[in-house]
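Please read it alongside the sequence and the coordinates.

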Amino acid sequence: MIIMKTGATPEQIKRVVKEIESYGLRADVSQGAYRTVIGPVGDERKLPFDRIAVLPGVKEAQMVDIPYKLISREYSTAPEGLEHIIKVGEVEIGGKEPVFIAGPCAVESKAQLFKIAEQVKLAGAHILRGGVFKPRSSVHSFQGLGAGGPDAAGEALDWLREAGRKFELPVVSEVRGEGQVDLVAEYVDIIQIGARNMYDQDLLTQVARKGKPVLMKRHFGAGIEEYLSFAEYIAAEGNKDVILCERGIVPMGKGKSYTRYIFDLASIPAIQKETFLPIIADPSHATGRRDLIYDMSCAAIAAGASGLMIEVHYNPAEALVDAQQQITPDELKSIIDTCKQINRLITSEKSRTR
Ligand code: PEP
Ligand code: MN
């Protein structure tokens, strides 16, 4: 990490960047209000930090051994306490108000999607979700309309975009593989990386290069350091608009768990201490049970989450994917209303104790 002196000239910054590049690394330049910090991307051990430290305009040059330095709060150029707010249309993620992302697990038909979009909008949601490429454990179950080929995928994504425009909701959908990135990026405002693909560094890099915000879920087996290290792959492409999402980790031990995963609520404040990126929570996949969504939504917002992603269907029983965890639009409305109150309470409490 190279910290420039306040008032370092653009030429001095360029010189440091050139020096880093001459060793085969790339340079991530973060221009803060007061100072510029340059993060080398690549094998830092190749860099002669002693020499870089004495270049004109350099205040400090040191090797940073945390694997997620580009997104780390500690090495951020932003003044302390300033979060990275991601703007998607009119919606701000990571700001003072929690953001609610809602919609069906999978896009099933135009009529289904438009009906749900209208209902979640009325319930107070800010962003519409809907999977076109579904990650499924069984090859025999419905894989999303994207499985019908590029035309079918394009059509379903077009419904999503159209519904988003009609009801003034930015939209998010998942890419499951590299071959889907161009297509999905054309239609959505936010690209989703599913839990199973958190470790796919090539996919992360390709998605990052689209320059759109990325909603990146935590793998159910990933520790926090590992999760942030893979989010760093997106940041390393110069895209820091990453929305993190806690969606549950694998249960331990034998016997029935009664929830689909373990909702790791403590990861929310723990991650917030490490990174300036916003983190939201997905109680739908974490619990897999509609009767637990209300309680766990409240708990996630109380834990400081910047928002929630919740699966909603007007008739959950008829949903083709994840029927057991989808809630009705009415239930969504009561969650949003309560969560807004919880957020108001905890933010005023935080500012009082700061
Ligand atoms: C989803 O949000 O549609 C999904 C499949 O979630 P996850 O990747 O967390 O399992
Ligand atoms: Mn689902």
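## Salt bridges between the domains

Arg26 forms a salt bridge with Glu237, and 3.5 Å separate the closest N and O atoms; a salt bridge is a side-chain nitrogen of Lys or Arg within 4 Å of a carboxyl oxygen of Asp or Glu. Two salt bridges are found by this rule across the interface of domain 1 and domain 2. Four residue pairs, both residues at pLDDT 80 or more, are in polar contact across the interface of domain 1 and domain 2. A polar contact is a pair of N or O atoms within 3.5 Å; within protein, one must be able to donate a hydrogen and the other to accept it, and residues adjacent in sequence count only if both atoms are side-chain atoms. On the side of domain 1 that touches domain 2, strand 2 (residues 26–31) gives the most, with three residues.

## Basis of the description

This is a predicted model, in which local features need pLDDT of at least 70 and side-chain atom pairs count only at pLDDT 80 or more, while totals for chains, interfaces and linings use all residues. Residues are numbered from 1 along each chain as its sequence is written, chains are lettered from A and ligands numbered from 1 in the order in which they are written, and side-chain values use heavy atoms, with hydrogens and water left out.

## Domain arrangement

Domain 1 covers 2–63 and domain 2 covers 86–353, with bounds from an automatic or database domain assignment. Their centres, taken over C-alpha atoms, are 36 Å apart. Four residues from domain 1 and five residues from domain 2 make the contact (heavy atoms within 4.5 Å).

About 270 Å² is buried between domain 1 and domain 2, and carbon and sulfur atoms give 28% of this area. Buried area is the accessible area (1.4 Å probe) that two parts lose on being put together, summed over both. Of the area that domain 1 buries against domain 2, Arg26, Asp28 and Val41 supply 90%, more than any other three residues.

Glu311 is buried at a relative accessible area of 1%, and Asp322 is buried at 11% (buried means under 20% relative accessible area, exposed over 50%, partly exposed in between; 1.4 Å probe, protein chains only).

Methods: Helix = DSSP H or I, 4+ residues; strand = E, 2+ residues; numbered from the N terminus.
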